[in-house]
Amino acid sequence: MSKERGFSLVEVLVGLLILTIVITTTIVMFTERHRRLRQANETILAYQALSNEVEIWRRIDFAQLDGQPPTFQSDTSILQPLKPFNAAVKVDTPRADIKNVTFTVRWNKGQREAHLSILRADTGGKGLW
Amino acid sequence: MKRERGFTLMEVVVTMAVFGLFLIIIVILTAEMRQNEQRYPINYMAHPEVVAVMARLRKDIVDTKYYPMSFQGYSQSNKTLLLYTLKQTGFGETVVYDFRTAGEVHRKAFNATQLSSDWVARGVPDFEVGAFSLSTGQDAVRITAKDAQNQLAIDQIFLPRAHD
């Protein structure tokens, strides 16, 4: 009498399928977590540079906002890991006494972007919001 | 009767090939992770103690009226910051931030010359204080911190608001 021992082909295939699903899921989770952590790090760096720039632009005289160069005036050393990056400032005037100043940092070949806006009002005074 | 024991060569080879494949994937992933770790500084902003220090600094500097040159044995340096700041009551107090102890930040507040509060944050990076002058002539405070790999991890400019 022939006595067969071991697993059948179907059993082996099902086992392999389960193993593949488990390993693939683990790898996907691992890479996704890693990607999100990297993006969080990048965002934290970008917003530090953005908030520094806001500190400067909120103190520029209202009448001089349009005459400023459309680039960051603060030290952007913090953005070093994001190189090559692009930092820009845009001033919009929706009303004569209102200006919207938008600061933008783009990196990762323009695929990632962080921006921050402040609204400046002509209060007639100096050094105010 | 001949009794076979152990694995065949084919079984061992296939198992090792599968194992090797997973090993290669893991090595590639960890190598990429290490590369990114070296590229990016430590995200200190994820640490509650660091966030608390930055929040207190921001509040104190925004409400600062002037920067005393020296006070109670402290003087302005890249490791100590002296502020005369407004409290919620409208009265002022002198605040000293002492970054001289590695991994610690001490905030001492003085009512006139009397120590009124002493707050310590531990497990924080080594901060440095710098001056940052705006084109408008105003003096901002620049707080920086580097990680163990000497990468700039924190760089924040705080500017007192207009009081007059």
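So, a salt bridge here is a side-chain nitrogen of Lys or Arg within 4 Å of a carboxyl oxygen of Asp or Glu. Keep in mind that this is a predicted model: local features need pLDDT of at least 70, side-chain atom pairs count only at pLDDT 80 or more, and totals for chains, interfaces and linings use all residues. Quick bookkeeping: residues are numbered from 1 along each chain as its sequence is written, chains are lettered from A and ligands numbered from 1 in the order in which they are written, and side-chain values use heavy atoms, with hydrogens and water left out.

Okay, salt bridges. Over all chains, the structure has 18 of them. Let me walk you through a few.

Start in chain A. Arg36(A) and Glu32(A) pair up through their side chains at 2.8 Å, N to O. They sit 4 residues apart in helix 1 of chain A, so about one helical turn separates them. Helices, by the way, are DSSP runs of H or I with at least four residues, strands are E runs of at least two, and both are numbered from the N terminus.

How covered are these two? I call a residue buried under 20% relative accessible area, exposed over 50%, and partly exposed in between, with a 1.4 Å probe and protein chains only. Arg36(A) comes out exposed at 55%, while Glu32(A) is partly exposed at 27%.

Next, one between chains. Asp75(A) bridges to Arg142(B), with the closest N and O atoms 2.8 Å apart. That pair runs from the loop between helix 1 and strand 1 (86-95) of chain A, where Asp75(A) is, over to strand 9 (residues 139-146) of chain B, which holds Arg142(B). Asp75(A) is partly exposed at 31%; Arg142(B) is buried at 17%.

Now within chain B: Glu104(B) and Arg122(B), 3.5 Å between the closest N and O atoms. This one links distant parts of the chain, strand 6 (residues 104-111) with strand 7 (residues 114-122), the two residues being 18 apart. Glu104(B) is buried at 19%, and Arg122(B) is exposed at 52%. Back in chain A, shared partners tie Glu32(A), Arg35(A) and Arg36(A) into one salt-bridge network.

Last stop, something greasy. Phe7(A), Leu9(A), Val12(A), Leu13(A), Leu16(A) and Leu19(A) make a nonpolar surface patch of about 630 Å². Patch residues have over 30% relative accessible area and no salt bridge; nonpolar side chains (Val, Leu, Ile, Met, Phe, Trp, Tyr) are joined within 5 Å, like charges within 9 Å. Areas are Shrake-Rupley with a 1.4 Å probe, and for residues only the protein chains shown count as cover.
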